[in-house]
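Here's a quick briefing to read alongside the model. Keep the 3D view open and find each residue as you go.

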Amino acid sequence: MYKKGLRCRICTGCGLCPGVTPEIFKAGGGEGGEKISGAMQVLADSAFTKNPASAVCGNKRLVTADLGTTTVAMLLYGPGGAVEDRYLAVNPQSAYGADVISRIRAAEDKESAKDMRTMILQVLEQGLERFRKRLTGQEHLQMVLAANTTMTYLLMGWDTSELGRAPFRASCLSGGEMKIGDVPCFVLPGVSAFVGGDITAGMYACGMGEGEEIILLIDLGTNGEIVLGNRKRRIACATAAGPAFEGGANRGVWGADMISRLAALRREGLLDETGLLAESCFEDGVRVGNVHVTQESVRAVQLAKGAIAAGIEILLEKYGISEEQVDRVVLAGGFGYYLNPEDAALIGMLQPELARKAVAGGNTALSGALKAGVKLAAAGTKQLSVELQKLISGTEVLNLAEEADFNRRYIQAMKLEAGCPNCCGACYGDA
């Protein structure tokens with residue numbers, strides 16, 4: 001993509017950019033205005049940042065791929081285990097709809113389903129063709145791919161109709177092996193209809209099936225998936241975040257930036273806890289830095305962040321622990337790199353206690369695919385499959401729609417205020 005400093009001018013939300021300290025400006029201040037700093041710690045003590053030399057085994061060169069609803073990201077690893085090249089693209093299936101439900105409906109027509117499969121295979125083959133130019137001698141490629149359940153179904157050519165109707169069961173979750181062009185590809189298995197192989201990869205990367213540390217993994221995109229737990233027990237859920245976190249709230253402005261803008265408006269007294277802009281800017285909106293915030297864009301973020309906050313609250317309750325007992329909060333993807341945890345707490349997206357433990361995990365789907373690729377090279381397909389199945393079988397999936405209290409919690413969580421009970425605003429600055 002076209003770079004402007006460390007960030008792309010056209011952001012695909014792939015989560016591959018280096019972590020930076022976000023620069024948030026006060027309402028109406030513009031680029032020269034007063035900055036409100038908030039650094040996001042980047043996770044640096046796990047498989048996320050290691051470059052295992054075993055990523056290259058013999059004459060096999062590992063490729064990892066994250067096939068998302070909105071974007072496709074692919075990495076090629078060099079002989080030393082470091083990333084040697086990368087390929088990023090917008091998922092062309094977007095022509096059939098921005099979300100998985102739209103594509104499931106479109107896939108009811110067999111020709112449309114076939115076209116979507118062709119589209120994504122072409123993108124993956126383009127990435128592989130680029131990587132082939134870096135091979136030497138007898139080297140060849142081996143790919144490990146992570147995707148949400150719908151994208152996996154469309155890639156494999158499976159009937160997606162069961163994913164779009166109650167009770168939303170997925171009969172094909174085992175992933176499996178396939179060839180893309182002449183490249184063997186291991187597709188990571190999913191957990192449920194709405195918790196896919198990309199989340200399996202995230203749990204695998206975090207070591208949630210191995211350690212005692214209680215981790216809250218939050219992967220925000222068109223769909224928001226959340227997993228809580230450790231090796232003893234894990235609970236997962238999915239929320240319909242919509243496009244608000246991927247540029248839909250303000251065209252081209254990503255969710256982390258919008259959250260910081262709303263927090264700035266709250267600090268300035270131009271936005272109340274219900275999400276209502278002050279009378280002076282209700283009709284035309286208000287400029288915060290280089291972003292024009294409208295009442296419509298505020299509501300879009302409220303809907304998305306409310307679903308996430310309610311989901312986290314229910315998972316904690318089902319797990320039987322408080323925020324204080326969570327050891328680490330991993331924010332996956334590009335969202336996590338640029339999110340200011342203080343701002344997320346100020347508008348009630350994260351409880352203050354969770355915000356203080358938040359770290360940027362990067363693209364956990366690619367990190368998990370790397371870890372799986374290393375295991376694949378060392379132990380083979382059977383052993384990797386057994387390990388992943390153990391991780392999945394120990395993960396309970398919660399359907400939030402079936403929770404009797406979800407709607408009440410969701411409406412409450414839409415408020416733009418710090419989430420602790422009887423909040424005084426002192427945790428992260430008085431709003």
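Gln93 counts as buried at 1% relative accessibility, where buried means under 20% relative accessible area, exposed means over 50%, and partly exposed is in between (1.4 Å probe, protein chains only). You'll find Gln93 in the loop between β8 (83–90) and α1 (100–106); helices (H or I, at least four residues) and strands (E, at least two) are DSSP runs, numbered from the N terminus. This is a predicted model, in which local features need pLDDT of at least 70 and side-chain atom pairs count only at pLDDT 80 or more, while totals for chains, interfaces and linings use all residues. Residues are numbered from 1 along each chain as its sequence is written, and side-chain values use heavy atoms, with hydrogens and water left out.

**Around Gln93**
- Leaving out residues up to four places away in sequence, Gln93 touches Arg103, Met116, Arg117, Met119, Ile120, Met151 and Leu154; a contact means heavy atoms within 4.5 Å.
- The C-alpha atoms of Gln93 and Asp115 are separated by 8.7 Å, and these residues sit 22 residues apart along the chain.

- Thr150 has its place in helix α3, and Thr150 is buried, with a relative accessible area of 3%.
- Not counting residues up to four places away in sequence, Thr150 touches Val100, Ile104 and Leu163.
- Now move on to Pro167, in the loop between α3 (149–156) and β10 (176–180).
- The peptide bond from Ala166 to Pro167 is cis, with omega near 10 degrees.
- Phe168 is found in the loop between α3 and β10 too, and its phi is near 60 degrees, a positive value in a residue other than glycine.
- Is Phe168 buried or partly exposed? Phe168 counts as partly exposed, at 34% relative accessibility.

**Ile347 and Arg266**
- Ile347 is in the loop between α8 (341–346) and α9 (352–355).
- At 0% relative accessibility, Ile347 counts as buried.
- Which residues does Ile347 touch, not counting residues up to four places away in sequence? They are Ile259, Leu262, Ala263, Arg266, Lys305, Lys415, Leu416 and Glu417.
- The C-alpha atoms of Ile347 and Glu273 are 8.0 Å apart, though 74 residues separate the two along the chain.
- Arg266, one of those contacts of Ile347, has its place in helix α5 (residues 255–268).
- Arg266 is buried as well, with a relative accessible area of 8%.
- Between the C-alpha atoms of Arg266 and Asp343 the separation is 9.8 Å, with the two residues 77 apart along the chain.

**Cysteines**
- How many disulfides does a search of the whole structure find? It finds 0 disulfides, a disulfide being a pair of cysteine sulfur atoms within 2.5 Å.
- Cys237 counts as buried at 0% relative accessibility, and Cys281 is buried with a relative accessible area of 5%.

**The whole chain**
- The chain has 12 helices and 19 strands.
- Buried residues make up 55% of its 431 residues.
- Take the contacts between residues at least 6 apart in sequence: 68% of them join residues at least 24 apart.
- The chain exposes about 18,200 Å², with carbon and sulfur atoms supplying 49% of it; accessible areas come from the Shrake-Rupley method with a 1.4 Å probe, and for residues only the protein chains shown count as cover.

**Cavities**
- The count comes to 4 cavities of 30 Å³ or more, where a cavity is a set of points on a 1 Å grid over the protein atoms alone where a 1.4 Å probe fits but cannot get out.
- About 60 Å³ of space lies in the second largest cavity; grid points are joined across faces, edges and corners, and a volume is the space filled by probe spheres set on the points.
- Lining that second largest cavity are 14 residues, and the closest to its centre are Thr152, Cys172, Leu173, Pro189 and Gly190; lining residues have an atom within 4 Å of a point.
- By class, the lining of the second largest cavity has 6 nonpolar, 8 polar and no charged residues.
- Here Ala, Val, Leu, Ile, Met, Phe, Trp, Tyr, Cys and Pro count as nonpolar, Asp, Glu, Lys and Arg as charged, and the others, Gly among them, as polar.

Note on methods:
On a 1 Å grid over the protein atoms alone, a cavity is a set of points where a 1.4 Å probe fits but cannot get out, and a pocket is an open set with protein on both sides within 12 Å along at least five of seven lines; lining residues have an atom within 4 Å of a point.
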